[in-house]
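Welcome! Have the sequence and the 3D view ready, and let us take a short tour together.

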Amino acid sequence: MKRKVSIIGAGNVGSTLCLYIAQQELSEIVLIDINRNIAEGKALDIKQAGAILGFNTPITTGDDYSLIEGSDVVVVTAGFPRQPGMDRLDLLHKNRDIIDIAGNNIKKYAPNSKVIVVTNPVDVMTYRMWQTTGFPSNRVMGQAGILDTGRMIMFLADEIKVSPKDIDGLVLGGHGDTMVPIFELTRIKGIQVNKFLDNIKLSDIEKKTQNGGGQIVNLLKTSAYYAPAAATYIMVRAILNDEKRLIAASCKPDGEYGLKDVYIGLPVIIGSNGIEKIISVELSNDDLIKLKESAKIYQSSIAEL
Ligand code: APR
């Protein structure tokens, strides 16, 4: 296996991502954690699962960032998760310092890698990662849009009573209360979603999607990890296999949607060059206003960094 993915942070999200990659034998994996026992313990557990389920993926662990040398993709999940009552933006300063450590080491040891940030508040942390590494913005992206879209699809599937496999959609904007499900672009086997649900029901789905992470935090007393790791897995695979997937991800627009100097969730094409293109689509006036308002919140958080 020549391809190498490094995961910084072997907690709930990092170790679950490690499991997904290992199960598919997608690439060699390096799992780094400030607590190297956690990284080693998780890797042993995953490798033993492989001995039972029949996968055999090399996993190296440690607390030494030089292990990430030569990585094709580095995923950053290191940082504090939310607890009940916390907004993702409450993690801003605590997680900024961790992003700076990771970013400086990525710049030093994996200067040609593509970086996927998962640590929250993800849009602001991705901006910080872009600044710290000095990488071109196509090589630094944040995971959120696939997760938020997945949550919207699950709520729609439950409400309409149709398979989630037949639903296609996009959730844009920041990964927080201001995310914007784009119902005009949401289809069930090509049929517009408003043929199934009225505006009252759709606005209920919008709220459930925006609170999808918070609902889980209240139940688990920590943040979600199976779906966040699954969403990250899709991005890693798209880069390694040059899949050119059109998905929502946190990216740095250069005037698209009237936005600049911010990382925010937009439709992008992801392939071996990272974010290969930001796709501009005509949004309704309402959705465009919501998207711009969401971007404003993250711009002011960047100013607080
Ligand atoms: N370098 C490496 N690892 C670190 C560092 C660091 N400087 N600082 C913290 N860590 C590790 C912790 O030791 C812990 O194992 O990051 C891991 C975080 O794991 P969890 O606490 O389980 O958090 P998790 O649920 O995985 O979420 C991580 O992703 O989705 C976001 O909001 C979430 O910001 C949070 C991040």
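## Reading the elements

Helices and strands here are DSSP runs numbered from the N terminus, a helix having at least four residues and a strand at least two. Please keep in mind that this is a predicted model.

## Backbone spots in the loops

Let us begin with Asp261, which sits in the loop between strand S12 (245–251) and strand S13 (264–271). Its phi is near 55°, a positive value in a residue other than glycine.

You will find Lys189 in the loop between strand S10 (187–188) and strand S11 (191–192). Lys189 is exposed, because its relative accessibility of 66% is over 50%.

Another loop to visit runs between strand S5 (114–117) and helix H4 (122–133), and Pro121 has its place there. The peptide bond leading from Asn120 to Pro121 is cis, and its omega is near -5°.

How many salt bridges does a search of the whole structure find? The count is 10.

One of them joins Asp100 and Arg128, whose closest N and O atoms are 2.8 Å apart.

## A salt bridge within one helix

Next, look at helix H6 (residues 199–210), where Asp204 and Lys208 are four residues apart, which means about one helical turn lies between them. Their side chains meet in a salt bridge, at 3.8 Å from N to O. Asp204 is partly exposed, with a relative accessible area of 33%, and Lys208 is partly exposed at 35%.

Our last stop is the salt bridge of Glu276 with Lys244, where the closest N and O atoms are 2.7 Å apart. Glu276 lies in strand S14 (residues 274–278), while Lys244 is in the loop between helix H8 (226–240) and S12, so the pair ties together parts 32 residues apart in sequence. Both count as partly exposed: Glu276 has 28% relative accessibility, and Lys244 has a relative accessible area of 42%. Asp242 joins in as well, for salt bridges that share partners connect Asp242, Lys244 and Glu276 into one network.

Technical notes: Residues are numbered from 1 along each chain as its sequence is written. This is a predicted model: local features need pLDDT of at least 70, side-chain atom pairs count only at pLDDT 80 or more; totals for chains, interfaces and linings use all residues. Side-chain values use heavy atoms; hydrogens and water are left out. Buried means under 20% relative accessible area, exposed over 50%, partly exposed in between (1.4 Å probe, protein chains only). A salt bridge is a side-chain nitrogen of Lys or Arg within 4 Å of a carboxyl oxygen of Asp or Glu.
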